[in-house]
Amino acid sequence: MSLLTIDIGGTSIKYAHFNASQLEDEGATPTPKTLDEFYETLTSIVSTYKKKYALTGVAISAPGAVNKETGVIEGASALPYIHDFNIHSALEKRFALPISIENDANCATLAEVKYGVAKGLKNVLFIVLGTGVGGSVVMDGKVHHGKHLFGGEFGFMLMDDTHTFSELGTTIMMAKRYNERTSQSLDAIAIFNLAFAGDPIAKEEMNIFTFNVAKGIYNLSYSFDPELVILGGGVSQADWLIPELKKQLQKIMNQVEIASFMPEIQRCYYRNQANLIGAAVDFSQTDSK
């Protein structure tokens with residue numbers, strides 16, 4: 001299968017040729033500001049790759065809630081001009097090729113299930129710890145979108161009476177709380193370093209962060225009973241994170257004595273290429289239906 005795979009981001013559009021499970025001939029361009037420029041940019045990229053390769057289709061990773069039945073990207077993102085119309089049909093006509101579109105977090109998960117840390121597994125949760133908490137649910141090898149396309153929107157979960165997972169389980173909010181308490185302007189990395197050095201406020205805020213991520217993993221694991229929980233986002237690559245989460249999980253399991261298994265956690269294998277690879281996986285699944 002010879003595919004052009006495209007990852008639409010808020011600041012850049014990445015693209016590559018996907019063939020024999022590999023990416024090649026990668027490129028990137030700034031994300032256009034208008035829909036007309038967006039069409040022009042993507043059509044030009046497709047035209048270039050058509051001349052180089054015998055393309056069988058175009059696989060797209062996009063922000064927002066992708067409704068595969070209607071071809072509409074619902075919800076909201078940093079690119080309002082891609083939402084609320086049948087963009088699937090519009091792009092397919094311009095490219096004169098079959099296309100697929102899937103949400104970017106779902107694409108990242110599909111990459112891990114097909115080729116990465118979850119290869120060979122059928123039931124997986126992917127938790128993305130970014131500016132908010134997002135993710136994806138894979139059941140029986142397929143993305144579970146849900147009735148309202150909110151499958152994997154873990155950030156909406158309430159972690160206490162008033163706070164969501166996105167409020168308590170992200171490094172950005174951790175840094176905001178620390179800076180408000182100390183009248184400083186430090187980023188999360190600096191705060192983690194202070195915590196490991198013994199700063200009491202930094203340790204407390206780091207503990208709030210790790211406990212709530214562990215709590216989210218625990219709740220989701222005992223709801224879905226997945227084979228694996230994958231962590232993504234910048235902080236997921238920190239070597240200390242999973243050991244700290246396991247300590248917090250053990251505390252929870254000591255409190256909830258009926259809990260019988262420790263969730264299996266791994267950090268994602270793919271990072272910058274995840275969405276491109278996952279879009280190709282999604283195309284192959286869509287094409288086989």
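Start by selecting G64, N103, D104, A105 and E153: of the 33 residues that line the largest pocket, these lie nearest its centre. A pocket here is an open set of 1 Å grid points, over the protein atoms alone, where a 1.4 Å probe fits, with protein on both sides within 12 Å along at least five of seven lines; lining residues have an atom within 4 Å of a point. Helices (H or I, at least four residues) and strands (E, at least two) are DSSP runs, numbered from the N terminus.

The model is predicted: local features need pLDDT of at least 70, and side-chain atom pairs count only at pLDDT 80 or more, while totals for chains, interfaces and linings use all residues. Residues are numbered from 1 along each chain as its sequence is written, and side-chain values use heavy atoms, without hydrogens and water.

β2 (12-19), β8 (124-129) and α9 (274-287) each supply at least two.

Now move to α6 (residues 188-197) and α7 (residues 200-224). Their axes, lines fitted to C-alpha atoms over the stretch in contact, come within 8 Å and cross at roughly 115°. That makes α6 roughly perpendicular (65 to 115 degrees) to α7. Select I191, F192, L194, A195 and F196 of α6 with A202, K203, M206 and F209 of α7 to see the contact (heavy atoms within 4.5 Å).

Definitions and conventions: Axes are lines fitted to C-alpha atoms, for helices over the stretch in contact, and angles run from 0 to 180 degrees between N-to-C directions. Angles under 35 degrees count as roughly parallel, over 145 as roughly antiparallel, 65 to 115 as roughly perpendicular and the rest as oblique.
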